[in-house]
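The structure comes up next.

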Amino acid sequence: MSKIKNIRSLLLSSPYAEEGHPEILECFPNGAKRTIGMVEITLENGTKGLGEGYLAVFAPRVFESIVELCTPYLIDADGFDIKQRVRDLCRVCDYWSLQGAARHVISAVEIALADAKAKSLNIPVHKLYGDAKTDRMEMYGSGGICDTKEHFREELKQLSELGIGLYKIRAEKDDIIRTAWILEEAAKHGIRVGVDMCQNLADPPQKVKEVVDYVTGIQNLTDQEIIFLEESIGPADPEGFKALRRCVSPKVCGGEIITTPTEMNERIRNQVYDFVQPDASVIGGIGAVMEVFEQANQMNTEVVVHAWGGPVAIMASYHAAFAGGGNLVEFPMLDFPLGDEMLGESKAILNGFLLRPDGAGLGITFNDEIENKYRFDEKAVYSCKTLDRGKPPESYWEEN
């Protein structure tokens, strides 16, 4: 037992991608800078643990306020009893946020407690949740937000140099020629391609027939196959995902925005996806991802953790993947210096595989120098009101 003696929220902002990157043009109206939100918990033994909630990318002050609200309920409580601390916060937040924003903060607290406890015991976080079945795990490159052939080729070169053989691109239903082009181009490098259709914020969602027409159109242009379709239907339409599974050959997946294991597990039992994508910084922490793994194993559904947050969120999901027996994890490709500094050698990649992090805690580096270097910028906020970036017409992808 070690009591919780201090809790503070940390908002940090870092350069992200570059000014002309399509995601910056579309979602960052104030320029190429991104914010993350962390919780730092100090135990009475002096150990500090870090956690992260994905919420702060979009609403940093909301994240900060919920942390402030929750703090009095945790001070002087046993920091080693992680499950009970999560239950405490659920009692505080569930009436007004059973799903959604508060769950991101609960995630951050759970991850921070796991980091602090594992450091206190001098073991990696994944050992708190289960015995890892492997010392390495295949990665897929997560990028493909590209408007030019040159940009795609740069990312394919990066993946080739790392030995990564699976590449996730972003595409809309009308990007048929563009998708066929990248399938052919990736094949030259021996790289397979999955597609994120970015419907995780869609209301109303695109129709199943529209996705089928997209896949069929691509099949008419190339013999190269799409490996998976991520978030191809909106999150409020699980029956649409089920229907799509019956109509297309690529695996159908999703779930990154689901904020409770209860909802995710219901979708697993209902066979909504071929594989699910829980995020430890969204769904309630690493323990919540373990609940998803347990249900998925019973239903023979694969779990591929989502890892697109800041460094703490990424490492939390990686530890969850090793503890839960995952086979594949996401490798975010966009440049993020803060993440590089905090991850250091913990995110070690060899021949396309993530090596299991076996240092104490999450394996995160954090100090006053990093905190001062990446001070919070109020304008560094992701906008869900996407801007038209003026991407090239489909005919561009037909040109030699």
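A salt bridge here is a side-chain nitrogen of Lys or Arg within 4 Å of a carboxyl oxygen of Asp or Glu. By that rule, there are 29 salt bridges. The model is predicted: local features need pLDDT of at least 70, side-chain atom pairs count only at pLDDT 80 or more, and totals for chains, interfaces and linings use all residues. Residues are numbered from 1 along each chain as its sequence is written, and side-chain values use heavy atoms, with hydrogens and water left out.

Start in helix 3 (82-97). Helices (H or I, at least four residues) and strands (E, at least two) are DSSP runs, numbered from the N terminus. Arg85 and Asp88 form a salt bridge here, 2.8 Å from N to O. The two sit three residues apart in helix 3, so about one helical turn separates them. Arg85 is buried, at 8%. Asp88 is buried too, at 13% relative accessibility.

Other pairs are set differently. Arg136 bridges to Asp135, with the closest N and O atoms 3.3 Å apart. Arg136 is partly exposed, with a relative accessible area of 35%. Asp135 is partly exposed as well, at 39%.

Now look at Glu341 and Lys373. Their salt bridge brings the closest N and O atoms to 2.6 Å. This pair links distant parts of the chain: Glu341 lies in helix 12 (residues 337-343) and Lys373 in helix 13 (residues 368-373), 32 residues apart. Glu341 is partly exposed at 31%, whereas Lys373 counts as exposed at 52%. Elsewhere, shared partners join Glu172, Asp175, Arg178 and Lys391 into one salt-bridge network.

Return to helix 3 for the surface. Trp96 belongs to this helix. Trp96 is partly exposed, with a relative accessible area of 45%. Together with Leu69 and Tyr95, Trp96 makes a nonpolar surface patch of about 420 Å². Patches are made of residues with over 30% relative accessible area and no salt bridge; like charges are joined within 9 Å, and nonpolar side chains (Val, Leu, Ile, Met, Phe, Trp, Tyr) within 5 Å.

The pockets come last. On a 1 Å grid over the protein atoms alone, a pocket is an open set of points with protein on both sides within 12 Å along at least five of seven lines; lining residues have an atom within 4 Å of a point. A volume is the space filled by probe spheres set on the points.

The largest pocket holds about 1100 Å³ of space. Its lining has 43 residues, and Cys27, Cys198, Asn200, Leu201 and Tyr382 lie closest to its centre. Helix 1 (22-27), helix 4 (101-121) and strand 5 (166-170) each supply at least two lining residues. Helix 1 gives the most, with three.

The second largest pocket has a volume of about 560 Å³. Which residues lie nearest its centre? They are Lys83, Val86, Gly287, Ala288 and Glu291, from a lining of 23 residues. Helix 4, helix 9 (261-269) and helix 10 (286-298) each supply at least two.

Note on methods: On a 1 Å grid over the protein atoms alone, a cavity is a set of points where a 1.4 Å probe fits but cannot get out, and a pocket is an open set with protein on both sides within 12 Å along at least five of seven lines; lining residues have an atom within 4 Å of a point. Accessible areas come from the Shrake-Rupley method with a 1.4 Å probe; for residues, only the protein chains shown count as cover. Buried means under 20% relative accessible area, exposed over 50%, partly exposed in between (1.4 Å probe, protein chains only).
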